Amino acid sequence: MLAIKSPKAYLQQPGLRARVGEYVRPFASHIRIITSPKAWQAVNPELTQSLDAHGIRWEVTWLAGECTDEAINGLSEQTHEQGASAILAIGGGRVLDCAKAAGDKLEHVSVINFSTLAATCAAWSPVAIIYNAEGGHLRSQPLKKMPVLVLVDSEVIANSPARYLKAGIVDALAKWYEFRPYQRQNPDSLALDLKVMAAQRAVEAYRQWGDEAVEDNQAQRVSFALERVIDANIVLAGLANSMRDDLPTPGVAHAIHNRLTHQPELHAWLHGEKVGYCLLVQSVLEQENGEPDNELVALLLRFGSPLRLPELIGNRAERLRALATQFSFPAASAARLPFVLSPDSLEKALLATDHFSPLLQDNF
């Protein structure tokens, strides 16, 4: 079996916020908007002026915290009570995932994602990531239906902090490093081959345009390089997540990340920053000599990924041991990997990063 799930359309261009009404109107004349205060400010007044000019009625739900079951249920109930025929999500990953999950509950309601950050592939990805109120990962929920539109205004991205773009680069890099190991023992999977091809194209984009894109983002300047990296962060990473077959290939680094989200000391780290550290851990697990891959380390440093966990409350070794024992990964998927994935091996890899990190910082 080969399955590919993707949005019906993707559009990225500078100034798009002023044309949103034009693109929304074919799908709905009455919408529910979910957003955050910062995202709302980043797209207005142009976006609301465009909605009003196209005769679109709208009401707003504010997502102040995480994408929780409570937030999802509240949005779906508000959308139903309003009689809206579409949800327009404006913001980063938490907002977009909340809209996707709420839309899944409403059979005749379309979802339109307007991504104001390029920090993850959430705008495109065929899952919604559900957290508890404290930011701990609960589950990755597959979607029954995908957004009808994904909209990106590169001017909005250019005006956002470059930290988010760099985190999105690292999150997309993870797809290459997470999916590629499965190929060693599963050479005949078309879905896996396609995932790796999309992820590899993203890595090539970062090698060619990554530094220039970050510089342009810091200068709040839209450029060819920035637009190519935005597309890689959202489209290519999203495509890599969108293809599957009968045998799942979950990412090891993302699975480690899910456990780290329950550590309060890491709540200030962005999703991609946690994933970057977890890629280092995965690399230690994967390499026969127990040392991380040099090329990966260079890329992580290049795009600002932390390589060591912060100070942890209590005994550090005991906290790392607890992380390793609480880690969860499907046994059938672990059996498809060319390296050992166990609590003992993970504990050793976590401890190794404390030793490697200062040396890595000095050598690259």
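Me: Let's begin with α3; which of its residues are buried?
Reply: Before anything else, please keep in mind that this is a predicted model. In helix α3, which spans residues 46-53, the buried residues are Leu47, Thr48, Ser50 and Leu51. They lie on the same side of α3, because they cover an arc of only 160° around the axis.

Me: And what's on the other side of α3?
Reply: There you find Gln49 and Ala53, which are exposed.

Me: What covers the buried residues of α3?
Reply: The cover includes the helices α1 (20-24) and α2 (37-43), together with the strands β3 (30-35), β4 (57-62), β5 (86-91) and β6 (110-115).

Me: What about the backbone around that helix, what stands out there?
Reply: In the loop between α2 and α3 sits Pro45, and the peptide bond that joins Asn44 to Pro45 is cis, with an omega of about 20°. After α3 comes Gly55, which has a positive phi, near 70°. As background, most peptide bonds are trans, and most residues other than glycine have a negative phi.

Me: Since you mention α8, how do α7 and α8 sit against each other?
Reply: Helix α7 covers residues 162-179 and helix α8 covers residues 190-218; their axes come within 8 Å and cross at roughly 155°. The two helices are therefore roughly antiparallel to each other, and their crossing is left-handed. The residues of this contact divide into 14 nonpolar, 4 polar and 3 charged.

Me: Which residues meet there?
Reply: From α7, the contact includes Leu165, Ile169, Leu173, Trp176 and Phe179, and among the α8 residues they meet are Leu192, Val196, Val203, Tyr206 and Val214. Lys166 and Lys175 of α7 also take part, as does Lys195 of α8.

Me: How does α8 pack with α9?
Reply: α8 and α9 pack at an angle of about 155°, with their axes 7 Å apart. That angle makes α8 roughly antiparallel to α9, and α8 passes α9 in a left-handed crossing. By class, this contact has 15 nonpolar, 4 polar and 5 charged residues.

Me: Back to α7: at what angle does it cross α10?
Reply: The axes of α7 and helix α10, residues 252-260, cross at roughly 125° and come within 8 Å, which means that α7 is oblique to α10. On the α7 side the contact is made by Asp171, Ala174, Lys175 and Glu178, and on the α10 side by Val252, Ala253 and His254. Sorted by class, the contact of α7 with α10 has 3 nonpolar, 1 polar and 3 charged residues.

Me: How many residues of α10 are buried, and which ones?
Reply: α10 is mostly covered, with 7 of its 9 residues buried. The buried ones are Val252, Ala253, His254, Ala255, Ile256, His257 and Leu260.

Me: Now some loops. Is Ser125 buried or exposed?
Reply: Ser125 lies in the loop between β6 and β7 (127-131), and it counts as buried because its relative accessibility is 5%, where the cut-off for buried is under 20%. Leaving aside neighbours within four places in sequence, Ser125 is in contact with Lys100, Leu143, Met146 and Asn241.

Me: And Leu307, where is that?
Reply: Leu307 is in the loop between α12 (294-302) and α13 (316-326), and this residue is buried, with a relative accessible area of 2%. Its C-alpha atom is separated by 9.3 Å from that of Lys274, and the two residues are 33 apart along the chain.

Me: Last one, what about Glu291?
Reply: Glu291 is found in the loop between α11 (271-286) and α12, and it is partly exposed, with a relative accessible area of 43%. Not counting residues up to four places away in sequence, Glu291 touches Ser283 and Phe356. The C-alpha atoms of Glu291 and Val148 are separated by 44 Å, and these residues are 143 apart along the chain.

Key
Residues numbered from 1 in each chain as written. Predicted model: local features only at pLDDT ≥ 70, side-chain atom pairs only at ≥ 80, totals over all residues. Heavy atoms only, no water. Buried < 20%, exposed > 50% of the residue type's maximum accessible area, 1.4 Å probe, protein only. Helix = DSSP H or I, 4+ residues; strand = E, 2+ residues; numbered from the N terminus. Arc of directions from axis to C-beta. Contact = heavy atoms within 4.5 Å. Axes fitted to C-alpha atoms, helices over the stretch in contact; angles between N-to-C directions. Parallel < 35°, antiparallel > 145°, perpendicular 65-115°, else oblique. Left-handed = near helix turned anticlockwise from the far one by under 90°. Nonpolar A, V, L, I, M, F, W, Y, C, P; charged D, E, K, R; others polar.
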